[in-house]
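Hello,

Here is the structure we discussed handing over. My notes on it follow below.

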Amino acid sequence: MLTGDTRAIARAISLIEDEAPAAADVIRAIFPRTGHAYLIGVTGPPGAGKSTLVDRLTAETRAAGETVGVIAVDPTSPFTGGAILGDRLRMQAHAADPDVFIRSMATRGHLGGLARATIDVAAVLDAAGKSLVVIETVGVGQDEVDIVRSADISIVILVPGAGDDVQALKAGIMEIADIFVVNKADRDGADRAVTSIESNLALQAFADGEWRPPIVKTEATTGRGIPELWQTIQRFRTHSAGVHERRLQARNEFRLRELLTERLMDHIEHRVLSPGEFDDLVRRIASREVDPYTAAADVLRRTLNRG
Ligand SMILES: Nc1nc2c(ncn2[C@@H]2O[C@H](COP(=O)(O)OP(=O)(O)OP(=O)(O)O)[C@@H](O)[C@H]2O)c(=O)[nH]1
Ligand SMILES: [Mg+2]
């Protein structure tokens, strides 16, 4: 896997996806070899053209000599079949290129652990020598936002005629953008979308020398604007070199917290509480027999008493 063998990478990723106990061993073993890849998070509403754009960006960065890993996090939805079909087509475009590895991950089965699983898969691609790892997620849930936030750069893709989207996205996604992309710029309203993002940015205060998220117009289907996007990514990378440590700190803090929360909850549910007791507690809270604070304090006391 460390030499970039595609099948070995795929096997390692499957272990992580299956949450196999060996996955922790894999991460343990490769961890010292990670930390070299640049993580690019890409998010936006369903159908914004994320996959098409990531595909174009992959070609652009390959031409610049980068090696690329792509992780497409698919929401568990009736459309997943379509997404997987799309990914097959994409894989064909780069099938002959051993320096591109594309993998879809289902969100199903990663309740709470999706962000960590994604970061672990990124670590595998990093250790396998990919210089860029692109993580594509639909910007709908907190998990997805967390994933993109923990990348080295966060790119938010919007499309024309999505004034309401901009409104809807404001809550979680607007703040995490290092670069905005208005894709489908061939459609009416691209400039209006740019203006809408601009006026949103105008509400924020940027310090002197602070990065102000630029807006790049693209047409992923034809590749227009992709070279500009790649230049903008590189510009951000240079600009943020000094503050990058803080971002890494945040990612690793997030990683440790998620892992501890997961392990601790698992321990409580399986070692401290008897089978069904957790659900029973939830029911007793619902029926006002016990309040959540007392219930939590009680469970914590029992957990600590068991050492
Ligand atoms: N007109 C136009 N269509 C585009 C452009 N980019 C992508 N599309 C089309 O938009 C549709 C969705 O593209 P995808 O790349 O699958 O979008 P996505 O954001 O990855 O979609 P999900 O992963 O399902 O959320 C496809 O039919 C693309 O061909 C563009 O720049 N202009
Ligand atoms: Mg997609």
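How many helices and strands are there in the chain? The model, which is predicted, has 12 helices and 7 strands. Its chain has 307 residues, of which 36% count as buried. Among contacts with a separation of 6 or more, 75% are between residues 24 or more positions apart.

Helix α9

This helix covers residues 226-239. Its 14 residues should span 20 Å at 1.5 Å a residue, and its end C-alpha atoms are 20 Å apart, so the two values agree. Ile226, Leu229, Thr232, Ile233 and Phe236 are the buried residues of α9. They are on the same side of the helix, because they cover an arc of only 115° around the axis. An α-helix has 3.6 residues a turn, so residues three or four places apart point the same way. Gln231 and Thr238, on the other side of α9, are exposed.

Positive phi

Most residues other than glycine have a negative phi. Glu19 has a positive phi, near 50°, and lies in the loop between α1 (6-17) and α2 (21-30). Glu19 counts as exposed, because it has 12 C-beta neighbours inside 10 Å. Arg288 also has a positive phi, near 65°. Arg288 lies in the loop between α11 (277-286) and α12 (292-305) and is exposed, with 7 other C-beta atoms within 10 Å.

Regards

Terms used: Residues numbered from 1 in each chain as written. Chains lettered and ligands numbered in written order. Predicted model: local features only at pLDDT ≥ 70, side-chain atom pairs only at ≥ 80, totals over all residues. Helix = DSSP H or I, 4+ residues; strand = E, 2+ residues; numbered from the N terminus. Buried ≥ 20, exposed ≤ 12 C-beta atoms within 10 Å, placed from the backbone. Contact = placed C-beta atoms within 7 Å. Expected span 1.5 Å × (residues − 1). Arc of directions from axis to C-beta.
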